[in-house]
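These are my notebook entries on one structure. I record in them what I looked up, one topic at a time.

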Amino acid sequence: MKFLVLLLILFTSCANGEKSLEVERGNTRYGGYLAFASVSDPKSFNPVLAKETSTTSITGLIFEGLTRVNVYTKEAEPNLAKSWQIKRGGKEWVFYLREDVKWNDGVPFSADDVVFTFNSLIYNSKIPSSASDVLKVDGEPFKVEKIDDYSVRFTLSSNYAPFLMAMGTDILPKHILADVVKADKFNSFWTLDSTPSGIVGTGPFKLSRYIPGQLVELVRNEHYWKKDKDGNSLPYLKGVRFLVVPNSDTALLKFLDSEIDYYSLRGEDYAILKPEEKSKGFKIYEVGPAFGSSFITFNQNNSINPKTQETYIDKRKLEWFRDRRFREAVSYALDRSSIIDIVLNGFGYPQSGPLSPSSGYFYNSNIEEHGYDLDRAKELLSDIGFSDIDSDGILEDKSGEDVSFNLFTNAENNVRVKIAELIKEDLINVGIKVNFLPLEFNNLVTKLSSSYDWEAIILGFTGGIEPHFSSNIWLSSGHLHIWYPKQERPATSWEAEIDKLFKDGVQALGRKKRKSIYDSWQEIASRELPLIYTAIPESIFAVRDKFGNLDPNPYGGVFHNIEEIYIINKEE
Amino acid sequence: MLIYILKRFLIALPLILVISLVAFLFINLTPGNFFNQMRLNPQISEETIEKYIELYQLDKPVLMQYFAWLKRIIHLDFGYSFAYNIPVAKVLGTRVLNTLLLTLSSLFFTWLVALPLGIVAAVKVDRAWDRLISFLSYVLLSIPTFFMAFLLLYFAYLAGILPLGGMVSANFTELSLFFKILDLFKHLIIPTLVISLGAIASLVRIMRGNLLEVLRSNYILALRARGISEKRVTYVHALRSAINPLITIFGYQISGLLSGAALTEIICNWPGLGSLMLSAVRSQDIYLVMGSMLVSSVMLIGGNLIADILLGFADPRIRVK
Amino acid sequence: MKELFRHRRGLIAVIILFFLYLGAIFAGFISPYHYRSEKRILSYAPPSKINFFDSKGDFHFRPFIYKYKMSLDQNRRRVYEEDKSRAYPIELFIRGDNYKLLGLFPADIHLFGVAAEAKLYLFGADSRGRDLLSRIIYGGRVSLSIGLIAVVITFFIGLIVGGTAGYFGGKIDNILMRLCEMVMLVPGFYLLLALRSSFPPEIGTVKIYFLIITILSFIGWASLARVIRGIVLGLREKEYILAARSVGLSSFKIITKHILPNTSSYTIIALTLSIPSYILGESALSLLGLGIQDPVPSWGNLLKDAMAIVQIKLHPWILIPGLFIFLAVVAFNMLGDALRDIYDPKRKII
């Protein structure tokens, strides 16, 4: 009899699962640190001035915006704003803010902070903000007004389709920054030598310690507004650490050694890590193609250099590069599967268009693809008029000069350098001679953006799900329209077509309508090949087994829900 | 002596000036500037970038920029680092200390090990110890430093006791003072070994070579003939002469270590001056480059000065007339 | 010279260097393949197994290999198996890839190799299926020549400047030494970065590289000069020099006939220690991507590809170029020691 009772008690307690265990042991989810490796130091703690990933991966945990992106639907969802109303066909938005949010120093959050962030920071002409370009329509900033303590009105000069996405921009505290801005000191505020407790945000973590060149430590924000489904305040983790490890191989060793808990794999790391999964207590997640793009591009800039009264590069070569058949031939001559096998160790996908398949809704799979076809490439090249007159294995153009060009990329990026070496070898097979030289990144950028003295470059862009955020690349007037930037008028009919598509796309509010617009864009891009895409790597992550609530997601990565992550079976 | 030192300082100043000018010109030889990097971010506009360039006067002619920098340096204002957005002096501060720590520990370890080994090799010339030591020296000299750093890290990983690069562990903040020092020390071991092993190898050979030569010289022969014990002859007289040339090397090692340490610092992730300079040059963070270059120039000249003074002390015949 | 051959270590050094340089000069003939010859499907193939016994157990006098079959295991790791259906004997003086003997005469005969359908990988293959042995042999051309050229330049300048400064002392010494310091202060490494970026890319990378090495050696002479100056200062006061001076020998004669030869042992050590440092310097540059570019191999850039944990664990043969660097450096060091032993009249010759 006693035995049965015991069994019953045991059974009921097990059936209630973790919750009862928690209640008994007193909320064991709390505590512990999560350690990442970061390639470099952050450059600042100021999210308005922040430029690159090593900074934003930290400020992203300290600050938040009115909206955030839902990693499943890939659409904006409420965050600091609990709801909103759209009026006047998208030209007016009213946001209703949460009333339970506090800054990490305890001061309550309100509409004043939102208005301050936009009017005094983002739209402040004295502050070089990277966010401001995304928060304008037709160059016009939004009108931002406080309605009451918890509601704000945004008035736009015209529809702006990515508006909700753009509202993910960080909101900063007025009570800390107002005086700083008045004194014109914002540009040197919240720099690396600031007192950690002074970096005030509403996010789940706050800065606790920074050791230059070594470590950034964040601890949990006790005032964070989010709670779990049982009403416990989040985050569970005691803190997050970023260890500065510039070298990927060292990071791999540190991961195996349990010094860090997360590692983003390169293709060649898989064969090393996979066999150790069980014994070292971690799991590898393959979440699909990465975002962004990787490509080779040719200079099509035939404007005249005012200083020399000539084109920026040899006119003959410009003629080749501007001929679509040339670019198509190169695309056919690329052995993308070699790139995937050798450079990415098999973990990659051939790419033909500007969006990665992971982008979701806007991805168009019906675009022109060019498989590895040397015959077709040679056909196209002879159509243009190239032939090997002197039988030296290199084609000559109609004027008898060798078909050859310079290829650059940035020396620090090993993957791109390897791809360049492969492409160089591939193109010899069709009789084109490539002179490859890796350059320092800054030098490369100067050539791309001011001196224009380059012929071919291998590069890549980071990407996301909102096509409009790459408008600087695709608008012919854009300064990132790298094959021929800042055009006064579109140089070709297809560029004019893309201009129109982007102008329409940003204002169209219906999703389906936008999709068909951006579908056309992708078709044009894959046909005209201003950027000849190569391959996208697979996103592969390795994470220690010790975390609960892990939800790896192709868009969000492994820790998109970091405030819900906890450590199972902590020490102590 | 004092006058000599003073004279050297006075001469050093125009020297540093010329170097700074040369360096400044070379950095600007590479077309472009720091803010070009931002041009590739689709979300930053032209105006934003132009604003930065104006803010830092990067559009003015090179010589003008140089003189502006010079003016500030005289007031001990090292200028701003673009990348870190804080004064250069602050960025340099910790880094210089870190490099000094590494340099000093390497120097200490090198001489601690190399001198006795060199002496042993010379005294027991061509016998087992000498052969072993010479062989090891050859081996150590021939391995590229970065490769050695890499291998040591790998073995450290396999052995599991030493930390894999960096200067502090992830849980540094939680440790007590004693453990903090211990943690630092543990992290110092591999980079020190990497730098020292090569230096030890060459120093051992030089020490051995010098001592051997002295041991065969006439005046040592004379001392022996006078009946002075072998031990005294070797360790008191011969050693003293043999060490002389080494003193010059000591000075150069200080300065040499600063530049040669860059690769080691990068691979072992030691946050020192070398790795800082490299990334600063690559990103054209001009004032940071100039600042760190200035500091290392001062250290180099200082090292040479120390070497010359020591040489003067050791060999009175060489004192400057 | 004769004494060199009698000195055991010297002899070993000479032999090693002889073979290394022989390989470099006759690279095309000695290597089984041209350095560009790829076979991408055989990425990271392990060294070929040289068989004497076939699958039936019969002995063959001439060694042979089998073709490789590549497959991926469940960890996406490449696995290579021998395809025992056909044996490919290793032949001497076989026809193969085209090359230019001594850079001038087109030829296609190789010292040894196998028929074109199979690939002979004595040292394994790299990421693109290129034969590592061939690439190492070709790589020697760059790595071994760099040391020689740079050292010749450094030698002359350093000796003249250092000798003069040390001997005359006073103002001349001061000026020359300040000059040295100035030159040494120029951050050579960063100079390199800057210069590298400003070269037009049409110059072949090999030309760029020699240009850069020349520049580096123009900076490198300064430290040699300083060391020599220190030694000369010491020597200057020696009795026999004072004697020579009192007899009325001209400074020039004294420097050349008496002082410089006595600096020779230190000079030689310094020189032999610097050839390797240029070889090692080349590897350091390649690590940063600033050295000789693919597909032209140098020991430095071959080593660069090996600098990842993954490679060591999965394809350890990639490290072999390091062994060659090591051999060359050791050989030069041994040679330097041997030469010093010979020149030092009080030293017994082994």
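**Entry 1: two packed helices.** I looked up helix 2 (residues 8-25) and helix 4 (residues 132-168) of chain C, which pack at an angle of about 105° with their axes 7 Å apart. Helices (H or I, at least four residues) and strands (E, at least two) are DSSP runs, numbered from the N terminus. Axes are lines fitted to C-alpha atoms, for helices over the stretch in contact, and angles run from 0 to 180 degrees between N-to-C directions. Helix 2 of chain C and helix 4 of chain C are therefore roughly perpendicular to each other (under 35 degrees counts as roughly parallel, over 145 as roughly antiparallel, 65 to 115 as roughly perpendicular and the rest as oblique). I noted that C:L20, C:Y21, C:G23 and C:A24 of helix 2 meet C:I137, C:G140, C:R141 and C:L144 of helix 4; two residues are in contact if their C-beta atoms, placed from the backbone, lie within 7 Å. By class, this contact has five nonpolar, two polar and one charged residues (Ala, Val, Leu, Ile, Met, Phe, Trp, Tyr, Cys and Pro count as nonpolar, Asp, Glu, Lys and Arg as charged, and the others, Gly among them, as polar).

**Entry 2: the model.** I recorded that this is a predicted model, in which local features need pLDDT of at least 70 and side-chain atom pairs count only at pLDDT 80 or more, while totals for chains, interfaces and linings use all residues. Residues are numbered from 1 along each chain as its sequence is written, and chains are lettered from A and ligands numbered from 1 in the order in which they are written. Chain C has a mean pLDDT of 78, and 82% of its residues reach 70 or more; pLDDT is the predictor's confidence in each residue, from 0 to 100. The predictor gives the complex an ipTM of 0.73 and a pTM of 0.80.

**Entry 3: a sheet in chain C.** I found an open sheet of three strands in the order 1-2-3, with antiparallel pairing; two strands pair if DSSP finds at least two bridges between them. Strand 1 (51-53) and strand 3 (78-89) of chain C are the edge strands. The twist averages 50° from one strand to the next. Strand 1 of chain C is joined by two bridges to strand 2 (residues 59-72) of chain C, and C:N51 stands opposite C:F64.

**Entry 4: a hairpin in chain A.** I then turned to strand 8 (residues 143-148) and strand 9 (residues 151-155) of chain A, which pair in the antiparallel sense over five bridges. A hairpin joins strand 8 to strand 9 through two residues.
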